[in-house]
Amino acid sequence: HEIINWLSNNGQLGKLYINQPDMQSKYYFCLFKKISAEFIGNLCYGFKATLLCDSPYCYGDQITTTISSGITSFNLLNSSSAFIPIPLSIDASVVVNTDITLTNSTTNQYFTQVSLLQGEMFHIDSNLFIIQITGNSSKNIVDNFSGNFITLATGNNAFTYSGKADLTLTYTPVYTIG
């Protein structure tokens, strides 16, 4: 019963790793359903389950890149093998009062955030369409946001950046196996 409880993960999606050479460091988000123990006599020798995955793709390890406020252009390699847009999460720490513009020239997507104050931090999640700011609770960050929630194309993505904030860009590559 303990193993069945562990496999069920309290009804939450969990990471399923497949132990074979081409799947190392890749995983599926799955939910184990209909888990049952298999017995020979009184001895449990294995388990059967139905897996429900969140997508037909598997995921790689999260990739994080840091961009300092003085950099004006950079490339970000998306190693995904699935030809779908990959959401990019952006965390920024404002160095001095500034406006920020970040453009992915490969996908023609950009965002602009104006009137940021020194010490403010903001977070943009292109997967969940979330914009958050800390450091000035009276500011409506949505009113100062224009453009897109930026995604990555497969391969090299060329970016231009203007602003006085240190950026942390995070994404999870997606793979097609088989």
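K26 stands opposite G60 in strand 4. This is a predicted model, where local features need pLDDT of at least 70, side-chain atom pairs count only at pLDDT 80 or more, and totals for chains, interfaces and linings use all residues. Residues are numbered from 1 along each chain as its sequence is written, and side-chain values use heavy atoms, with hydrogens and water left out.

I40 stands opposite L43 in strand 3. Strands 2 and 3 make a hairpin with two residues between them, and G41 in that turn has a positive phi of about 65 degrees.

**Rings and lysines**

Now for the aromatics. Rings of Phe, Tyr and Trp (its six-membered ring) pair if their centres lie within 6.5 Å; planes under 30 degrees apart count as stacked, over 60 as edge-to-face and the rest as tilted. By this rule there are seven aromatic pairs. Here are two of them:

| Pair | Centre to centre | Angle between planes | Type |
|---|---|---|---|
| F29 and Y59 | 5.4 Å | 55 degrees | tilted |
| F111 and F122 | 6.2 Å | 85 degrees | edge-to-face |

F29 sits in strand 2 (residues 26–40) and Y59 in strand 4 (residues 58–60), so this pair ties together parts that are 30 residues apart in sequence. How accessible is F29? At 26% relative accessibility, F29 is partly exposed, while Y59 is buried at 14% (buried is under 20% relative accessible area, exposed over 50%, partly exposed in between, with a 1.4 Å probe and protein chains only). F29 and Y59 also belong to one aromatic cluster with Y17 and Y27.

The other pair in the table links distant parts of the chain, eleven residues apart: F111 is in strand 10 (residues 109–116) and F122 in strand 11 (residues 121–125). Both F111 and F122 are buried.

K15 lies over the face of Y27, 4.5 Å from the ring centre. K26, the residue we began with, lies over the face of Y175 at 4.6 Å from the ring centre.

D91 is in strand 8 (residues 89–94) and is partly exposed, with a relative accessible area of 29%. What does the side chain of D91 make a polar contact with? Its partner is the side chain of H123, at 2.7 Å (a polar contact is a pair of N or O atoms within 3.5 Å; within protein, one must be able to donate a hydrogen and the other to accept it, and residues adjacent in sequence count only if both atoms are side-chain atoms). Leaving aside neighbours within four places in sequence, D91 is in contact (heavy atoms within 4.5 Å) with F122, H123, D166, L167 and T168. D91 and D125 are 34 residues apart in sequence, with their C-alpha atoms 8.7 Å apart in space.

S69 lies in the loop between strand 5 (63–67) and strand 6 (73–78), and is buried at 19% relative accessibility. With neighbours within four places in sequence left aside, the contacts of S69 are V95, Y161, G163, K164, A165 and D166.

Note on methods:
Helix = DSSP H or I, 4+ residues; strand = E, 2+ residues; numbered from the N terminus. Lys NZ or Arg CZ within 6 Å of the ring centre and 35° of its normal. Pairing = 2+ DSSP bridges.
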